[in-house]
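Work through the exercises below with the sequence and the 3D structure at hand. Each task is followed by a solution in steps.

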Amino acid sequence: MTRAPRDRLIVALDLPSVAAAETVIERLGESVAFYKIGYQLAFAGGLSLAEQLVRAGKRVFLDLKLHDIGNTVTRGVESVVRLGATFLTVHAYPQTMRAAAEARRGSGLRILAVTVLTSYDDRDVAEAGYRGTVRDLIAQRARQAQEIGVDGLVCSPEEAGLLRQIVDPAMLLVTPGVRPAGAALDDQKRVATPRLAIERGADYLVVGRPIVASEDPRAAAEAIVAEIAAATS
Ligand code: C5P
């Protein structure tokens, strides 16, 4: 893979306001090239910020986990293409994945599927009406994502090894739950260091609090990029 280490780090802007996000972005400067915007910021002006970031030459991951009837997903994805985002998440339901993969055709947008939310265990999956284990469902949905032509999967570093055995090398694996050695876990339970996540097959690492809540976000980001570089050299 020829991606530069810096381009493989995605900083999650899990912040309550555009002003708070802009402060962090300014402090990070050139050390970060890729930002993730999720529900919290998207519903607080974050979509305008996403456009600004794209205009400033940054890449944007919209973590909106779409799931709706095909036509609605298609129209939504067309708007995200116009916004200029690089990654967009959808839930890994075949109809939703088909609509999203088709609607992004010919654009720079890449669709990432969320197989099973990492907060779900076997009991939650059964409660939601599925047979089998979480791992069964993850594997089934990963295969379907591949057949449908989705570009990537969001997964925990733990799942990355399993998924790498199921999907083609070209399928992007994007992993949150990354913590540099010695960093606080916050509410993450299954974490891996940047090196371990890369070794298990992750293409991109999503890191939030260890950077945005750090006293020195830039130094924190640079340390993670250095660890990615060391793991890939
Ligand atoms: O602050 P932290 O590094 O834990 O942030 C991780 C980011 O990745 C958050 O935006 C979180 O919503 C997201 N995420 C996650 N686990 C998943 C999917 C997404 O932590 N399974």
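**Exercise 1.** How far is an oxygen atom of the ligand from an N or O atom in the side chain of R179?

Solution. The model is predicted, so to speak of local features a pLDDT of at least 70 is needed, side-chain atom pairs count only at pLDDT 80 or more, and totals for chains, interfaces and linings use all residues. Residues are numbered from 1 along each chain as its sequence is written, and side-chain values use heavy atoms, with hydrogens and water left out.
- Step 1: the distance for the side chain of R179 is 2.8 Å, which falls under the term polar contact (a pair of N or O atoms within 3.5 Å).
- Step 2: the side chain of D14 also has an N or O atom by a ligand oxygen, at 2.6 Å.
- Step 3: R209 takes part through a backbone N or O atom, 2.7 Å from an oxygen atom of the ligand.
- Step 4: of the 460 Å² of accessible area that the ligand has on its own, the protein covers 80% (Shrake-Rupley method, 1.4 Å probe).

**Exercise 2.** In which pocket does the ligand sit?

Solution. 
- Step 1: the ligand sits in the largest pocket (more than half of its atoms lie within 2 Å of the grid points).
- Step 2: this pocket holds about 1100 Å³ of space. Of its 37 lining residues, K65, T118, P176, G177 and Q188 are the closest to its centre.
- Step 3: a pocket is an open set of points on a 1 Å grid where a 1.4 Å probe fits, with protein on both sides within 12 Å along at least five of seven lines; lining residues have an atom within 4 Å of a point.
- Step 4: the lining divides into 15 nonpolar, 10 polar and 12 charged residues.

Technical notes
Grid points are joined across faces, edges and corners, and a volume is the space filled by probe spheres set on the points. Ala, Val, Leu, Ile, Met, Phe, Trp, Tyr, Cys and Pro count as nonpolar, Asp, Glu, Lys and Arg as charged, and the others, Gly among them, as polar. A polar contact is a pair of N or O atoms within 3.5 Å; within protein, one must be able to donate a hydrogen and the other to accept it, and residues adjacent in sequence count only if both atoms are side-chain atoms.
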